[in-house]
Amino acid sequence: MDALHYFAMSWLSPELLGLTALGTFLGIYVGAIPGLSVTMAVSILISFTFAWDVNYALCLMVGVYMGGVYGGSRTAILLNIPGAPSAIATALDGYPLAKKGLAGEAIGLSTVMSVVGGFVGIIVLALAAPTVSEFAITFQPRDYMMLGILGIMLVGSLSGGSLARGIFAGALGLLIGTVGLDPMTAEERFTFGVVELWDGINPVAVMIGMFGISEALHQLHHMNKAVIKQKISRVIPKWSDIKKYMPLSLQTSFIGVIVGALPGTGGDIAALMAYDHAKRVTKNPKVPFGEGAKEGLIAPEAANNAAVGGAYIPMLTLGIPGDAVTAVFIGALFIHGLNPGPLLLIEQPHMFWFTVGNLTLANIFVLIFGLTGIKLFSKIVECPKGILIPLIFLLSIVGAYAINNAITDIWWMLAFGVFGYFMRLYGFPVGPVILGVILSSLTDENWRRAILSERGSISDLFINLFHSPLSTVLFSVIVLILFTQSPLWTRWLKRKLFHETT
């Protein structure tokens, strides 16, 4: 009974209800602006709310978190500029849908499935937090390293059919991600004596340039193309569509929860793994992936919102952040006199159930605010190219500067934009580059930890992979994915299909 009371606290108090609604609304629009990350927004809120009552502060920050994770999909669909790294996979099929005049339908469907994913994450958080956190804590450095490698193996899903070009782009992203000071020894890597490179190249600047600027430059080739009118007569998805895609949404939601519960991962990796899963389980999509497949839209959206609930699991039960935002939340809880960790559920169970109830309320507001304003948002795509392209440039420049308030990030963003344009021009995918940059730190740091734990012996590291069931499973999945993305597998499938049809 006490748990129900604490669950409903933010629902029954007008002040807490209003702060959650305000936070969710602001989060959606902050998340939609490239460069204005949810992590940055929550960090700023700590400085404003440290003197508030803890419940008031958490309501506002939870709302921004839930809304921001969803909000990144809007500009990804409308402008092919992901508002956040977790929306990269959304842009792959969301933007082609917008170019076909289906922006309203795409945003409506992504909103509903995002909310479904959010509820799955919250339910798992409420029912299985101790169990999932115990599973997450069993991951050793070699397992995180293989998780990063597993993410890189998804380049086959993002490479437009050319595995070689996808691997090249992913490796390039890994190389870009290693620029800066070595995390273990603080030695310079690929800085060439330039002090400004000591902190590395910001992944958000790379992302905005590769997607935003390169898209604007690409659109210059189509200045005389007629504007596509968006079909926004029906924003709320058809019940038949919801029922059809619900099984895939639930599958990818569970992927999001599991990945989100692994400390240091987050919704970006969850979304990419979910997109790859959707490609594998969808046998005969009406529209090919990458050209406007609805399956490719809903899978990452369900997963990255489900990852929110997953990220809270290790934070509340172990005191270990699931992603960058929950790392900030830990700081906020400490400021307010709380101690997230194993004793939180014993000493302050009310805070756990208050958080679960507040996440549920914020997820409902995502549905309400997410299904409103779509007609206005959809008008962005109908803008003439002469207005839209400068708008993309402006948003990209503002977003890049907002990362660190540094002109340097703007130059990097413009440079990678031009580079991304030429990559597109010569048929190289830009998605794997971003994926490589994002996963480079996860892979690099855990590779170093894994090899140190084996005293520098690569053979011992490989042998010990088979001493742990978890490591064995991850290694087997990597081998399986590598094989299924090889030309040998493709030729075998073609022969099989040829014999079945003759």
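What percentage of the 502 residues in the chain is made up of buried residues? In this predicted model, buried residues account for 56% of the 502 residues in the chain, which is built with 24 helices and two strands. Among contacts in the chain between residues at least 6 apart in sequence, 79% join residues at least 24 apart.

| Helix | Residue range | Residues making the contact |
|---|---|---|
| α3 | residues 14–31 | Leu16, Leu17, Thr20, Ala21, Thr24, Phe25 and Ile28 |
| α17 | residues 349–370 | Phe354, Asn358, Leu361, Ala362, Phe365, Val366, Phe369 and Gly370 |

Helix α3 and helix α17 pack with their axes 9 Å apart and at an angle of about 55°, which makes α3 oblique to α17. The crossing in which α3 passes α17 is right-handed. The contact between them is made by residues that include Leu16 and Phe25 of α3 together with Phe354 and Phe365 of α17, and by class the contact of α3 with α17 has 11 nonpolar residues, four polar residues and no charged residues.

The side chain of Asn358 is joined to that of Thr20 by a polar contact of 3.0 Å. When residues up to four places away in sequence are not counted, Asn358 touches Ser10, Thr20, Leu58, Cys59 and Val62.

Terms used. Residues are numbered from 1 along each chain as its sequence is written. This is a predicted model: local features need pLDDT of at least 70, side-chain atom pairs count only at pLDDT 80 or more; totals for chains, interfaces and linings use all residues. Side-chain values use heavy atoms; hydrogens and water are left out. Axes are lines fitted to C-alpha atoms, for helices over the stretch in contact, and angles run from 0 to 180 degrees between N-to-C directions. Helices (H or I, at least four residues) and strands (E, at least two) are DSSP runs, numbered from the N terminus. Angles under 35 degrees count as roughly parallel, over 145 as roughly antiparallel, 65 to 115 as roughly perpendicular and the rest as oblique. A crossing is left-handed if the near helix is turned anticlockwise from the far one by less than a right angle, and right-handed if clockwise. Contact means heavy atoms within 4.5 Å. Ala, Val, Leu, Ile, Met, Phe, Trp, Tyr, Cys and Pro count as nonpolar, Asp, Glu, Lys and Arg as charged, and the others, Gly among them, as polar. A polar contact is a pair of N or O atoms within 3.5 Å; within protein, one must be able to donate a hydrogen and the other to accept it, and residues adjacent in sequence count only if both atoms are side-chain atoms. Buried means under 20% relative accessible area, exposed over 50%, partly exposed in between (1.4 Å probe, protein chains only).
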